[in-house]
Amino acid sequence: MSGDETTTIDYRTARPANRDGLAEVSLDQAHAPDKVLAHGDLLRKFVAGEPFRPIHMRIGIMGACNMRCNFCNFHSPNEENFYDLFSFKDAIPTEKAVTLLGEFAEFGGRAVTFCGSGECTIHRGYPRICRAGHDAGLRIGLITNGSRLHRPEVAECVIDTHTWVRVGLNAGTERTFNEITADKERTFASFVSSVGVLRERAADPEFRIGFNFVITLQNHREIRQAAAVARDSGAHYVRFEPEFYSGMGHETIESAMDEISAALDEVREMSTEEFEVSVPKLDRGPMDQVEAVEGDFDHCHYSRFVTAVGADGHLYPCPQVHLNSRYRQGNVLRDGYLQVLEGGPRAEWEESNPLRTDLCKSCFYRPQNELLEWLRRGRINIDDALTRYQVEVPKTLHADFV
């Protein structure tokens, strides 16, 4: 523990921040890290130590991808030991995915994000799976390379069923985009025509579509161009994040950090009511190959609210550690979602891996975990936090995607 445990602090203390000299963190509404405060009923159960089920599932239905982004963790020799269960051949069959989402909705699930090690939209059953999940009452989010968004069957599925879409941009010019991704489908050029149409036609009144730009040494000088591309395409936002490998942290871009920070400060000025520019936390250590432990929390509390399923059909605590054998919690396709969640396998895993400090020493979801830790300890007063949050954020955008 750190700090004075007898003095309560503001919940905003748990928000991410960069070290002195780097750009100030400013996240768009869709990626706010304190959305859990929109769920006072679940938070009170959490603080009281009472059981409840995750409301958000992140799922990868494909191991295969039609791009080969050169910063991708799953394609990197730096990650061969960490993602030891990754396989291009893994895929969840359509009917099994439909059954899983139905079970998730039946047992408390509210939202599902399609993401993972591969590209979900190349799964032949993607539209069917999404429509079934939507019909079951789930809100649908998608993280995608964008290569299929202009195809009618995917576009209509997004328009009819999705709450949000986040597209990989990763360059400010088509030439650099193609060099980074090995794309062969003119995907970059399609962004200009497809993104604005999806924004205009989407059925969900809370629909948001935006871009994600992974900052690397190869593309960091195109940050300004990429922000302009995103704005001009009709996107709601552009979100920047630093290149990250589990064993290296952000060391890959450290040499250019000052230049990157200056560019982010500049593009932040492009933000308007119609277009947000999201500036991230730029420095985070390796996940497990270090001695230092980042964050004032011992257990992964975030996985109480959010769970993850890999293309291998197994349950994991979060998408950052899925497809790693140390984190596998049980096969939900074979044994059923609730049976794995509450019937023993997940509990056995929790008991055998009690401290996150033994596994992931840094954490992508550190702000969420610290907020939850401090609420449980009483360092943040839950009544005060819920009241203040309600005043500051009367309506949380995409609240179920915590």
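## Pocket lining and salt bridges in a predicted model

The space in the second largest pocket comes to about 420 Å³. Sorted by class, its lining has eight nonpolar, three polar and six charged residues.

This is a predicted model, in which local features need pLDDT of at least 70 and side-chain atom pairs count only at pLDDT 80 or more, while totals for chains, interfaces and linings use all residues. Residues are numbered from 1 along each chain as its sequence is written, and side-chain values use heavy atoms, with hydrogens and water left out.

A pocket here is an open set of points on a 1 Å grid over the protein atoms alone, where a 1.4 Å probe fits, with protein on both sides within 12 Å along at least five of seven lines, and lining residues have an atom within 4 Å of a point. Its volume is the space filled by probe spheres set on the points, which are joined across faces, edges and corners. Helices (H or I, at least four residues) and strands (E, at least two) are DSSP runs numbered from the N terminus. In the class count, Ala, Val, Leu, Ile, Met, Phe, Trp, Tyr, Cys and Pro are nonpolar, Asp, Glu, Lys and Arg are charged, and the others, Gly among them, are polar.

### Salt bridges

The structure holds 34 salt bridges, each being a side-chain nitrogen of Lys or Arg within 4 Å of a carboxyl oxygen of Asp or Glu. Three of these pairs are set out below.

| Pair | Closest N and O atoms |
|---|---|
| Glu185 and Arg151 | 3.6 Å |
| Asp296 and Arg379 | 3.8 Å |

Glu185 and Arg151 form a salt bridge that links distant parts of the chain, with Glu185 in the loop between α5 (174-181) and α6 (187-201) and Arg151 in the loop between β3 (139-144) and α4 (152-161), 34 residues apart. Glu185 counts as partly exposed because its relative accessibility is 28%, and Arg151, at 32%, is likewise partly exposed; buried means under 20% relative accessible area, exposed over 50%, and partly exposed in between (1.4 Å probe, protein chains only).

Asp296 pairs with Arg379, joining the loop between β7 (276-278) and β8 (306-309) to the loop between α12 (366-377) and α13 (382-392), across 83 residues. Both Asp296 and Arg379 are buried.

Arg366 and Glu370 lie four residues apart in helix α12, so about one helical turn separates them. Arg366 is partly exposed at 28% relative accessibility, whereas Glu370 is buried at 8%.

A network of salt bridges links Asp10, Arg12, Arg15, Asp34, Asp384, Arg388 and Glu392.

### Two further residues

Ser117 sits in the loop between β2 (111-114) and α3 (126-135) and is buried, because its relative accessible area is 6%. Apart from neighbours within four places in sequence, Ser117 is in contact (heavy atoms within 4.5 Å) with Met62, Gly63, Phe74, Phe86, His322 and Leu323.

Thr7, in the segment before α1 (40-48), is partly exposed at 39% relative accessibility. Between Thr7 and Val195 there are 188 residues of sequence separation and 47 Å in space, C-alpha to C-alpha.
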